[in-house]
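Here are my notes on the strands and sheets. Have the model open while you go through them.

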Amino acid sequence: MCGCDAFQPESPSLPVVEAFVMSGQSMPEITLKRTGSIAERYQSDESTALRDAQLQLTMSDRVIPYSVKSPGKYVPVESVIAVPGADLELELQWNNQIILANDQIPGPISLDSVEISISDEPLESLVLESVFIDPTLLDSLGIQALGTGARKELVYIVEAKLYWAEQSQTNNPDDWWIRTQLRPNLDQSRRLFNYFFSPETLQLEDNFPINGKGKRYWSGAYAVSIETKTDPFPGHRLRISLVRSSQTYADFVSGSSNPREREPPTNIRGGRGIFAALAVDTLLINVYQ
Amino acid sequence: MYVTHSSRRHSNRHYHWLIVLCVFLITPISVVKAQDISIDAVNAPLAEILTSFVSNHRIDLVYSQRQVVDRYSTCKYIGNNVGAALACILAQQDLQAVQLRRRQFVLVDIVERRSSTEPESGSIHGFISDGMSQEVLPGAHIFLTQLSIGATSNEAGYFAIPSMPTGKYQARITFIGYAALDTLLEINTDPSSILLRRHPIEFQPAIITTDRRSPVSVEPGVQQIPVERMSQLPGFPGESDLLQSLSWFPSIQKINTNQGGLVIRGGEPDQIQYLIDGAPVYHMWHVGGMLSVYQSEAFKDVRLYRGSFPAEHGGRLSGVLDAELKDGSLNQITGMAGIGLLSARLFLEGPISNKISFMASGRRSYIDWIIGRRHPVDNGIMQDTMRTGVSLYDVSTKLTWRLSNHQRLSLGVYGSSDILDLRLPADLSLIRITSSFLPLSNWLTPSELVFEFDTRWSNRLLSLRYQNLLSKQVFLTVTGYGTSYRANERIFLRPTTTSSVNSTYKLDILDVGLKIDIDYYLSLTHHIRAGVSVLQRRFFSQLDALVLRTQTISEDSEGQSEIDNTEIVIYVQDTWKPLKKLQIQPGIRVSELRGSTGVRVSPRIGILYDLEPVTLRMAAGVNVQYLHQVRDRYSVLYDLISYRWVPASRSVDPSASYHASVGGSILLGNYLNVALDLYIHSIYGFLLPRNEEQTKDGLLGPGIGLAAILGQYTRGRAIGYGSELNLQYNRGVSKAWISYSAGRSHNRAPELGEDDFRPGRFDIPHRLQVSYQRTLNHWVFGVSGQWRNGYPITVPEARYSLQDPLSNEPEGFFYYPKINNGRLPPYINFGLQCGYKFRLEDVNFQVHLEVNNIHFRRNLIGREFDPTIPQRTSSTSIYGLPPYPLLEITAKF
C-alpha cells in the first residue's frame, strides 16, 4: 500500500543490438553494446561494448557465424549475400542469456527518377518551437499545452518528387513499408519544417500513388531560411533516401521520432535495440537555383 | 404509540394468581427450541404476563397500556410456538398478536377493528415534501419508533410501509438538512402528506446517511449528498460546483485533463455514469475540466454510488452520479444571483399555479463581454477580424405539474455549451503592448500568418417524467428522455503564405430512451423495485482535413463514422428486511446491447446490519459497461477536446467489473460520524492505450475510422483495493471534515505481454483532506488542506544509443522498463476561506473569499526526461498554479 514518490531507479545493464541487414548486400557488421547509467553521458565505445558474446545469423536454413572484430563489433566469418525474401534470425548468447530477433529481407529498391523545384521567391513562414499538445496540462493553465515561441522567418521552399518501381516479388505490398527522406545539408533548425512540409514520410508501400508508367511516387518539401528578401537561394547538397522494410523497421522509425517521450519499440527479445533488414537507395545531389 | 393512562381503578376483588414461567434458553441469541415455553397463569395481570414473556423470550411486542390495564389472563401452555403462546395469553381478551416479522408482534384490538369499517391491516404511506417549497424529498427516512420499522422515500418522495395492523403509530421522519419531525401516522386510503421544515442551523448533519435509529433505510453503497452542504466545501474556482465538491470524499479524485470528470477508486473517468433526471450526460465539464456543468442551486438531490449500485443502475464500472433537478417551489417565487471570477449565475423558482411550479437556473461566463469576441484590425495594408470568443453557459429548467395527490408530471430541460473561438496572429510578437488593456484590438494587428482554433461542445437534455401512485403498494415511474452531446473542432493554421492546415471535425452522440420503474411494497419486509429500459444510441463523427504543404503538395484526411445501437435492460431488486436490524438487498440486472456479444447478467447484493451504535454494510456485484471512451492519440487536428465513445460490438467486448466492499459507520454524540470502508475490485476488458507514452504530435493521424482508433488500444485488466475513512464533525458553530483513502489501482495489458500489474494512471496510494469551518456571527472562517501522493509517471532506468542508417549520428534513448514505475512528488495545497453574510433590503448577501496554495508551493504536475542531457537530473519539471484568490458574491431573495 505504500507509495514511493519521485525516485530514479537504475536497471542492470541490458544488451543492445544494432544490426541492419541490407537486401542484396553482404551480411553486415553488427554492433553489440550494453545500456549505460542514466547519470552519465552514453558513449558508444569500448566502455559500453558487449564483450564475450556468441553471435550467429540464420538466413532461411543457412547458419552464418559471426566473430569479434573489435570490442562490440562483430563480423560474419564468411561473406554471404542477403537474399530478398529470406527469413532472418539473430541469436546472441551472452552472460548465460539467449537473445533472439527475427526479420525478413525485403526486395531491392531503387530510385527511378527525382524532380526538384524551388519556389521563385522567398515566403513568410511561421517558426514554432513546438505544437505539442498535452491535455494533461490544460488544467494548470500551462501555456506549453498549446505550444509557444512562434516567430516569422523568410524561407525558400524546395520540393522533391521521387519515383520508384514497385517490388516485383510475390509478397503482398501491404506487408512492406516505404520510408522516404530529404536531408539537406543545412545548418538550420528543422523542427517546424519537418512538421509542416513533410521532408520525410513512412507509409505502407501500397498507400503510395502510382503514375501512368506504373511507378509509385511521393512528393516532399523542405524549407531553406534566409535573412532578407533579397538574399539569393542558398545552394546546398541534398541526400535523398528511399527505404523498403518490414513492420520491424517501421515501428523503430515511428517510435524514434520523439526520444524525449518514449523509446522506440524493439524486436530484440531479451534486450534492446533493432535488428532489421532493409532495402536502401540513396541519391546525393546539389540543389541550386 | 403513546400510552393513555386512565386512572387506575382499585378493585377490592381478591384474586389469586400463580404464574410459573419456565424459560430455557439454549443459546444467548434467543434460539428457542421445542418445549422452551411453559406458561401456567391463572387470573394473572395481563401486563405482567406479557412483560415477563417478552423479557424471557426476547421478542418485540408493541402494545399500549390501554390495552392491558386491569386485564387478567388465564393460560396454560407448553410448547415452542411464540404465536401460539401469545394467543393463549390473549384468549378472551379481544386482543390479537399480529406478527410483523420474525420475533416481532403488535397487539391489535379485535373488537375495535370488527366494529369499524376499517380494514384489518393496511399501509402507512405518503409523500414527504419540503414544508416551504413543497419540493418532494427523495431519500427521506420514515421510522416507526416503537416498532423499529423504517422506510425510505423514493425519487418522488413516496414511501409505503404495508401490511400494518390498523392503528396509529409514532413516527420520526428525518432528512438531511431538515429538522426531524415526530408525528403520528395511521393507515389511510389516501397517502399522507408530510412536510419537513428546513433545519434552523445552516450547518447540516452528517452527509453519510447512516442514521443509527433507522439503519435499514440506508442503501448499501450510496452516498447521498446534501447539496447545500457540499456547496460549502472549498473548491476551484471558488464557485458553487457539485462535482468539485465530491472530490472531498475519500477515493474520489478530480482529474486534471480535458477529458474532465472524476475518478473513483483509481478507475478511469469514463467508468462513471452521470445522470440528470434519469438521462445520461456525456461531457459534464466546462473549459478543460475546471468547472462542471452541475450548478448546485439547480439540484435537489444528488446520489453518488461508488462501486456498488442498486440493480436499477448500471452501464458503468466505477460509479453512478444520479442528480435530480429541483421541481420548484409551490409557495412563492425565490431566487439567487451570484457572480464569481469565471461566471455569473441566476436561479429562480416559484409557482405558476397551485399545482404547477417552475425552476430555472442559468450560468454564463462574462470574460467575452469584457474583452469582446470580434476585433476588426487594420494596419493600412491589410484588414482582418481577429476573434477571442471564449464563453460557457449552462441552463436548466423544470416544470412540475401535480396532477393529483397520486400523479405528477415533470419536464426537465438542460443545456450547456462551451465555445473557444480564436483567430489570432500566429506570430505572437505581433501582439503589441499598449498602455490601455481594452479594447483588445489595440493589441492586435493583421497578419498573413494566422491561426484559428474554433472548438465548441454542448449538451442538450430533455426529460419527461410521469409518476403515479397506482395503489397504496404500487408506484409507477415512467421516464422518457432525449440527450445529445455535440462537439465541433475547427483548426486553421497558415504556417507560410503558400501553405495551410484546415481541419473540421464533428462529433455527435444522440440518446433516446424510455424507462419504466415500478416500486411494489409487497409486505413489511419486502420492497420490490423492478423496471425495464430501452435506449437507442447514435454515434456520429466526421473529419474533413486538408494539409496544403506547398502549392503543389497536399494531403487530406476525410472520414465519417456512424454507429446505431439499442440497449435493453431489465432489472429487479428486493429490499428485504428479515430482521429489524438487518436489510438484505439482492438484485439482478439483465442487459443486452443489440449486435454485441449477447445477454449480460449482473447480480448484485447489499447487506446492512445494525449493531447500535455501529452500522455494518457489505456489498458485492458485477457491473457491465458497453461503452468505451477513446481518442486518436496521434493527430493534433481532431479529438482535442472531445473524446469518442465506442460501443461494444462483436469485435470489442464490453468491460466488466467484479467488486466487493465491507464497511461500517458510527454516529457518536449525534455530531461525529465516522465511516470506514474496505473495497476490492477486478476489471476485465477495458481499453488501454497500446502505447501509453504516445502523445498527439502529428498532423494527420490514422483517421477516424473505428478500426484506426481501436487499433491504438488493447484490452486491459485492472485490480484495485483500498480503504476509505471519513470523519464529519458538526457541532454548534464548528464543522470539520476529514477524509483519508489508502488504496492501489493497477493495470496490465495481457495482449502486449504484460504479465505483471503496474500502477494505473490515477493510482494514488494515500490521500488526506481536511477542512474546518467556524461561524462567528455573520462571519464564516475556514481552513483546508489536501495532501496526496503524486501521480505515477514513467521514468527511465538506463540509457543507450542507436544509429539509424539514414542518420549521420547516433540518437540517444532512455530505457523505460515499465510503465508508471515512478511517481511525482506529493501534491500539497492549503487554503483559507472567509465568508461574510449580511442582509440588505430583504436580500441575503454573502461574500465568499478563498485563497488556495497559501504556502506558495509549486506542485509538480509533470516531468519530462531529455536523453540528450547526460546528468541524472535530466528532467524538466512542469509546475501547477501559484497562489490564487477566488471570490464570489451571492444574493438570495
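The points below cover some ground rules, then chain B, then chain A.

1. This is a predicted model, in which local features need pLDDT of at least 70, side-chain atom pairs count only at pLDDT 80 or more, and totals for chains, interfaces and linings use all residues. Residues count from 1 along each chain as its sequence is written, chains are lettered from A and ligands numbered from 1 in the order in which they are written, and side-chain values rest on heavy atoms, with hydrogens and water left out.

2. E27(B) pairs antiparallel with strand E25 of chain B (356-365) over nine bridges; pairing takes at least two DSSP bridges between two strands. Here B:Gly362 sits opposite B:Val395.

3. Strand E26 of chain B (374-378) also runs antiparallel to E27(B), with five bridges, and B:Arg374 faces B:Arg387. Four residues separate the strands of this hairpin, where B:Gly380 has a positive phi near 90°.

4. On to E28(B), residues 407-425: 15 bridges tie this strand to E27(B), again antiparallel. B:Val390 lies opposite B:Leu420, and five residues lie between the strands of the hairpin.

5. Chain A has an open, mixed sheet of eleven strands, ordered E7-E6-E3-E4-E5-E2-E1-E15-E14-E11-E12. E7 (97-104) and E12 (200-204) of chain A are at the edges with a single partner strand each, so one side of each has no neighbour in the sheet.

6. Within that sheet, E1(A) (15-22) and E2(A) (30-34) run antiparallel, joined by four bridges; A:Pro15 is opposite A:Arg34.

Note on methods. Helices (H or I, at least four residues) and strands (E, at least two) are DSSP runs, numbered from the N terminus.
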